[in-house]
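Work through the exercises below with the sequence and the structure at hand. Try each task before you read its solution.

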Amino acid sequence: AGYVLKDRAVSDLVEVIHAVAEGQVAIGADVVPAPDLPVDNLPHGLTTSEIAVLALLARGLHSDDISARLGISVDAVAVDEASLRRKLGAETAAELLIAALREGLIAL
């Protein structure tokens, strides 16, 4: 699975397509490099959208910035964040990031 912003260059799209073809989860460079996760077995049933939101949360972006960056609504960001918290057993944003670090979903 892959995620790339719709306004990116063709070269970015090609890069993501090649990574997905190799069985990786790929997220375009303007979002954040994705961890090496197997495309057919994302941990905790995460979606590529959730991974993209998680990566941007880890960079310290707020919902409105994530929304603009990914080209999705603020409500969609909130839904993904709530789903991430549920799936990773976190109640707060800090707990979410700690759980994601522990699971190897993000890196420092």
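The model is predicted, so local features need pLDDT of at least 70 and side-chain atom pairs count only at pLDDT 80 or more, while totals for chains, interfaces and linings use all residues. Residues are numbered from 1 along each chain as its sequence is written, and side-chain values use heavy atoms, with hydrogens and water left out.

**Exercise 1. The chain**

Task: List the secondary structure elements in order, and state what percentage of the residues is buried.

Solution: 
- Step 1. Helices (H or I, at least four residues) and strands (E, at least two) are DSSP runs, numbered from the N terminus.
- Step 2. The chain has five helices and two strands. Starting at the N terminus, their order is β-α-β-α-α-α-α.
- Step 3. Buried means under 20% relative accessible area, exposed over 50%, and partly exposed in between (1.4 Å probe, protein chains only). Of the 108 residues in the chain, 39% are buried.

**Exercise 2. Helix α2**

Task: Decide how far helix α2 is enclosed by the rest of the structure.

Solution: 
- Step 1. Helix α2 spans residues 48–58.
- Step 2. Its buried residues are Thr48, Ser49, Glu50, Ile51, Ala52, Val53, Leu54, Ala55, Leu56 and Leu57.
- Step 3. Since ten of the eleven residues are buried, α2 is largely enclosed by the rest of the structure.
- Step 4. Just after α2 comes Gly60, with a positive phi of about 90 degrees.

**Exercise 3. The two sides of helix α3**

Task: Find which residues of α3 are buried and which are exposed on the other side.

Solution: 
- Step 1. In helix α3 (residues 63–70), Ile66, Ser67 and Leu70 are buried.
- Step 2. These residues cover an arc of only 105 degrees around the axis, so they lie on the same side of α3. The arc is that of the directions from the helix axis to the C-beta atoms.
- Step 3. Asp64 and Ala68 are exposed on the other side of α3.
- Step 4. The general rule is that an α-helix has 3.6 residues a turn, so residues three or four places apart point the same way.
- Step 5. Gly71 follows α3 and has a positive phi, near 70 degrees.

**Exercise 4. α2 against α4**

Task: Describe how α2 and α4 are arranged, and sort the residues of their contact.

Solution: 
- Step 1. Axes are lines fitted to C-alpha atoms, for helices over the stretch in contact, and angles run from 0 to 180 degrees between N-to-C directions.
- Step 2. The axes of α2 and α4 (residues 74–88) come within 9 Å and cross at roughly 90 degrees.
- Step 3. That makes the two helices roughly perpendicular, a term for angles of 65 to 115 degrees.
- Step 4. Contact means heavy atoms within 4.5 Å. Ser49, Glu50, Val53, Leu54 and Leu57 of α2 meet Val77, Asp80, Glu81, Ser83, Leu84 and Lys87 of α4.
- Step 5. These contact residues comprise five nonpolar, two polar and four charged. Ala, Val, Leu, Ile, Met, Phe, Trp, Tyr, Cys and Pro count as nonpolar, Asp, Glu, Lys and Arg as charged, and the others, Gly among them, as polar.

Notes
Parallel < 35°, antiparallel > 145°, perpendicular 65-115°, else oblique.
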